[in-house]
Amino acid sequence: MRESPTVRKRRLVRELRRMRTAAGLSIEEARKQMGWTSGRLNHMEAGRSRPDSSALKDLMNTYGISDTAKREAILELGRQSKKRGWWTKFDDVLSDDFIGFEAEAAEISTFQPIVMPGLLQTPEYAALSARASLARTEEEIERIVTARVLRQKILQRDDAPELHTIVTEEALIRLWRSDRELARHQIRHLIDTAEALNTVTVQVHPQSAGIFAATSGAFTILDYADELDQPLVYVDTTETGIYMEEEAQVTAYKKVFEHVSMDALSKAASVELMKQIITS
């Protein structure tokens, strides 16, 4: 059930680079042997274009890949990478491929010091968040909310990912003071989800803990069940997100998340604090 064309494209890109490197060829040498125009292979290895089966066969012939099973596996990976996920219908309001990467994750760890995590937002809060960007029409806001609700369905799957999210007490209090009715529904949703799903952990970083280790702000770590898919760190920005996949980068962010989690309240204490906020 957990299968995303976005993740398959990432795997294919990595495999294309690996095959070329194993053949001892530079991009320029490889593309000259195939008689391709300048830039075609660059685009493929950068993930900006998805090669068809004919191009993949040409690449494997050039790289000396003769094993039938290996060739078929690469071709199947190419076919999977060219499929379209449901989220592509919302390309007009989604800025990057994050939902595609999220869809196949086995573990999602996210720290959100300002806003509520997307996978746990109510439709009303999602609309408020979209409207706060100051650059959305009502039609766009409606499409953003629809996409966010569909995105949250991964939490109900039989193979749902383990979601560990940390929010700050300041973010909860700010929301409570700005709109109590909306805040009550949103915070209650956090509580209900955390209590109903054993795959979801919600922690609150209390004001009493002082400054948190994640001084650079919000981030999300995605881990995958298949060892072929390396962990990924995503940092959201105003325009499009930043992705980091170097081992040192991922390790650094995992260490930061661990420290923030240790400073945060336990799951039970976090639920109790959220209940106190909405009944104060």
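Tutor: Happy to! Let's start with helix α4, residues 53-62, where A55, L56, L59 and M60 are buried; buried means under 20% relative accessible area, exposed over 50% and partly exposed in between, with a 1.4 Å probe and protein chains only. These four cover an arc of only 135° around the axis, so they sit on the same side of α4; the arc is that of the directions from the helix axis to the C-beta atoms. Helices here are DSSP runs of H or I with at least four residues and strands are E runs of at least two, numbered from the N terminus.

A word on the model itself: it is predicted, so local features need pLDDT of at least 70 and side-chain atom pairs count only at pLDDT 80 or more, while totals for chains, interfaces and linings use all residues. Residues are numbered from 1 along each chain as its sequence is written, and side-chain values use heavy atoms, with hydrogens and water left out.

What does that buried side of α4 pack against? Its partners are α1 (5-22), α2 (27-34), α3 (40-45) and α5 (68-81), where contact means heavy atoms within 4.5 Å. Just after α4, G64 takes a positive phi of about 75°.

Two of those partners, α1 and α5, also meet each other: their axes come within 8 Å and cross at roughly 140°. Axes are lines fitted to C-alpha atoms, for helices over the stretch in contact, and angles run from 0 to 180 degrees between N-to-C directions. The pair is therefore oblique, since angles under 35 degrees count as roughly parallel, over 145 as roughly antiparallel, 65 to 115 as roughly perpendicular and the rest as oblique. Residues of α1 that take part include L12, E15 and M19, and those of α5 include I74, L77 and G78.

Moving on to the sheet, 6 strands make it up, open and with mixed pairing, in the order β3-β2-β1-β4-β5-β6; two strands pair if DSSP finds at least two bridges between them. β3 and β6 are the edge strands, each pairing on one side only, and the twist averages 15° from one strand to the next.

Within it, β5 (residues 232-235) is worth a look: L232 and Y234 point one way, V233 and V235 the other, and all are buried. In a regular strand the side chains alternate between the two faces of the sheet. On one flank, 3 bridges join β5 to the antiparallel strand β4 (residues 219-223), with L222 as the bridge partner of L232. Another 3 bridges join β5 to β6 (residues 242-244), again antiparallel; there Y234 stands opposite Y243 and V235 has I242 as its bridge partner. Helix α11 (residues 247-263) lies across the sheet's strands β1, β2, β3, β4, β5 and β6, running at about 115° to β4.

Beyond residues up to four places away in sequence, H205 touches, among others, E169, F212 and D263. E169 belongs to helix α9 (residues 169-178) and is buried too, with a relative accessible area of 13%. Its own contacts, leaving aside neighbours within four places in sequence, are V204, H205, P206, Q207 and L273.
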